[in-house]
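Please look at the sequence and the structure shown here, and keep both in view while reading the report that follows.

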Amino acid sequence: MQVLFDDYGRAAGFATEMVNTAPGVWHGEDQLPDVAALTSFLSEHGVDAAPEPPDLDAVHGVRSELRAVLDLRDAEAIGSRASDLAARGLGTVDLAPDDRGHLQWRARSRADAGLADRLALLGGVGVLGALRALGPERFRDCASDTCSGVFIDTTRPGRRRYCMPDLCGNRANVAAYRARRRARQG
Ligand SMILES: [Zn+2]
């Protein structure tokens, strides 16, 4: 696995979506309960891997640690914990040409790194890149009252409000609609 530091948007998006598969965000229902679910989640995110049953617990562990990082709001604390995560899978840092032929910093995983360690590298680099480019104020709680998710806002305007915009945004809309209707009727 390799991650370009300037391509932090993809890696930070992966970190956000991985964290929000946790049972705590889904009223107890883990969205990565087995190897099949993990396999399709990884392929949706362009991670080339064939998870085995023993990987599952380790991946859940990295997910919890990433959640702890996304719950932080202090730049130094975020940077330090994300560096620890990235270090788990890190092999080398070097320069590699991007799509346009410009040299970019690249982190590559150790040859012997297991899946969980490689995901720790991917998530950790995503967090570090977003922190450097956008700042700690882009680490936020989901605005939906009924959701305990968190996210890194990597959008250009920086006005993202929900951890899963399609879902949490709509839940909030539904709640607001019901409240208005109750107010009219009451
Ligand atoms: Zn949410």
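Strand β2 and strand β3 (residues 103-109) pair in the antiparallel sense over seven bridges, where two strands pair if DSSP finds at least two bridges between them. Within this pairing, L90 stands opposite S109 in β3. Strands here are DSSP runs of E with at least two residues, while helices are runs of H or I with at least four residues, and both are numbered from the N terminus. The two strands belong to an open sheet of three strands in the order β1-β3-β2, with antiparallel pairing. Because β1 and β2 (90-97) each have a single partner strand, they stand at the edges, and one side of each is left without a neighbour in the sheet.

This is a predicted model, in which local features need pLDDT of at least 70 and side-chain atom pairs count only at pLDDT 80 or more, whereas totals for chains, interfaces and linings use all residues. Residues are numbered from 1 along each chain as its sequence is written, and side-chain values use heavy atoms, with hydrogens and water left out.

Helix α1 (residues 8-19) has twelve residues, and its buried residues include Y8, F14 and M18; buried means under 20% relative accessible area, exposed over 50%, and partly exposed in between (1.4 Å probe, protein chains only).

| Residue | Relative accessible area |
|---|---|
| C142 | 8% |
| C168 | 0% |

A search of the whole structure finds zero disulfides, a disulfide being a pair of cysteine sulfur atoms within 2.5 Å.

Methods: The expected span of a helix is 1.5 Å times one less than its number of residues.
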